[in-house]
Amino acid sequence: MEFLNFLLILCTAWLLWRRPERERLAFGLLVVSCVLMALLFLAGTHTSFVPGVNL
Amino acid sequence: MALPVARLRSALLGVVLVLIAVPVGGAVLLALVNGDSPCILCWAQRTSMMLIALVGLFIVRYGPRPRYIGLAVLLGAWGVFMGLRHSALHLARDIGQGFSAPFFGVHTYVWAGFIHWVVLGVIAVLLFLLPEEAVATWPRQATRASRFAMGLFMVVVGANALQAFATTGPPPFIGQGDPIRFSFNPKHWVWADEELDGGMSLRGAWTVPQPVASATDPDPAHGPLANLPMSTVTGHERIGVPLDGALTGFARDPATGRFLAVTDRYDVYLLDSTLARVLHHVRLDPGFSIDLSTLTGAAFVGDTLAVLSTNKSYALVEPDPNAQERLEWRHFLETDGGVSEVGLGRFQTVRAHQMFVLSFAFDPAAHELITVSVPNPRHKSLVVSRFARGDFVLSSEFEPAFGPGLVTAALNRSPADYVITGAVVADSALYAISAAYSTLLVIDLRSHTIRAAYAVPGLEDPTGLAVRGDELLVAERDGRIAVVQRPTP
């Protein structure tokens with residue numbers, strides 16, 4: 001899934017560079033990448049979402 | 001104080017270039033040079049830095065729109081959390097230990113958390129320097145520097161994509177907890193989704209409720225051992241003074257015959273040998289300096305009165321005719337004026353980590369203090385922990401096994417079924433009373449085995465244990481003291 005996210009980021013950067021008029025689409029892809037990144041981190045920590053220390 | 005937008009744009013481009021080249025690009029170089037592969041959490045941290053750089057490029061291209069700045073702050077804050085969560089796995093390890101190799105003396109997960117923290121600071125500085133009219137006057141045309149930044153970004157992200165394909169694979173595979181060394185050779189590639197295994201939890205292994213011994217089954221017939229001999233209660237004594245709160249810990253000084261009693265309201269009573277007179281009384285301040293949870297154990301350590309709370313924190317107090325009320329005010333919520341505090345501390349355990357305790361004892365022969373853990377839903381074991389009297393540091397720990405001659409009621413039963421609420425050392429043995437199944441255990445401190453066990457029917461909420469000659473005194477929560485003949489196995 002990390003690979004997929006990097007492809008999304010590459011697409012976003014390409015839009016930003018070569019198709020600047022597609023700003024809304026580029027920003028939408030950026031937000032999707034952010035959400036996917038956060039979900040992947042949560043997948044790796046789902047057995048203990050908060051740090052394993054005394055709170 | 002605002003900077004011209006052109007200079008601000010250049011400064012932002014510089015930040016983006018550093019972010020993409022050093023931590024994100026450097027990570028790919030580590031893979032090529034050292035074979036370093038990121039774990040699933042490292043991947044997320046790396047991706048987040050990449051996304052912050054991309055937001056920076058959005059601002060360079062379209063200007064400082066509020067949604068871009070908002071997203072950058074959100075990514076920075078999330079990155080700080082990721083850094084804390086990831087680093088917490090390793091920060092408390094011993095000197096020099098960590099996950100994977102350090103980089104300039106610091107492990108990469110710590111670097112990532114630090115970088116996100118710096119990002120938040122940089123965003124704040126750039127906002128501080130941002131002119132009011134920046135959104136309208138921001139230069140939108142591409143420059144040589146912005147094209148270079150964009151090109152570098154594409155190259156670095158592309159390299160990361162190739163590394164991600166090799167080490168984590170295409171969807172639905174995801175990053176791994178223990179990633180394998182990076183290789184260009186496909187036969188070394190391992191694609192997995194094992195990080196999705198396991199149930200969801202907010203605190204994982206730290207989800208440990210405070211122990212409630214009174215909620216356990218007191219019937220010895222339901223315990224892990226079958227065919228137990230009986231040790232009957234021969235009588236009851238009572239503490240002859242009203243206690244403020246429930247009795248939660250109890251000890252007797254073999255030298256003077258005095259008793260020490262603690263309650264669930266942080267009261268510490270030094271009683272005479274008849275249990276009828278209070279020699280000294282203080283009420284500890286549980287919130288001063290060290291967090292004392294409910295007091296649960298008491299022990300005489302020479303002239304020092306040691307009391308323990310369920311979270312393995314302790315307080316040491318002594319009768320002191322020269323105690324100064326002005327100095328002791330911070331330690332005690334109440335005092336009779338004749339007691340000084342001599343120390344507060346926390347016991348650190350290894351095997352008994354993440355387990356509460358309900359018992360406390362002192363071994364005068366070994367000069368060691370002893371606690372016994374109580375099992376919880378996350379950690380089911382009975383651990384005897386021993387701490388040196390000199391520095392209160394852990395000396396040894398063991399999980400006692402059933403000795404020969406003891407018959408388990410079923411194959412899946414173990415000493416961890418017991419909930420030890422009182423303990424005392426006598427004749428080189430640790431006597432321990434379990435509120436669960438009302439059973440007295442005799443633990444050999446040398447062989448680390450439970451060499452004998454006795455059913456003690458009729459106990460009600462036992463909370464402490466003391467020895468008086470050939471008698472055992474079992475303290476009960478309501479202030480009564482059950483007298484039991486001390487077995488000699």
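Analyst: Two strands pair if DSSP finds at least two bridges between them, and the elements themselves are DSSP runs, numbered from the N terminus, with helices being H or I of at least four residues and strands being E of at least two. This is a predicted model, in which local features need pLDDT of at least 70 and side-chain atom pairs count only at pLDDT 80 or more, while totals for chains, interfaces and linings use all residues. Residues are numbered from 1 along each chain as its sequence is written, and chains are lettered from A and ligands numbered from 1 in the order in which they are written.

User: What makes strand 9 and strand 11 of chain B a pair?

Analyst: Strand 9 (residues 313–319) of chain B is joined to strand 11 of chain B by seven bridges in the antiparallel sense, and since at least two are required, the two strands count as paired. One of the contacts links B:Tyr314 with B:Gly345, its bridge partner in strand 11 of chain B.

User: Why are strand 7 and strand 11 of chain B said to stand at the edges?

Analyst: The open sheet of four strands in chain B runs in the order 7-8-9-11, with antiparallel pairing. Strand 7 (295–301) and strand 11 (339–346) of chain B each have a single partner strand, so one side of each is left without a neighbour in the sheet.

User: Why is B:Leu344 called partly exposed?

Analyst: A residue is buried if 20 or more other C-beta atoms, placed from the backbone, lie within 10 Å of its own, exposed if 12 or fewer, and partly exposed in between. B:Leu344, which lies in strand 11 of chain B, has 16 other C-beta atoms within 10 Å and is therefore partly exposed.

User: How do you know that the buried residues of helix 2 of chain A lie on the same side?

Analyst: The buried residues of helix 2 of chain A include A:Phe27, A:Leu30, A:Cys34, A:Met37 and A:Phe41.

User: How confident is the predictor in chain B?

Analyst: With pLDDT being the predictor's confidence in each residue, from 0 to 100, chain B averages 95, and 100% of its residues score at least 70. For the complex, the predictor gives an ipTM of 0.98 and a pTM of 0.90.
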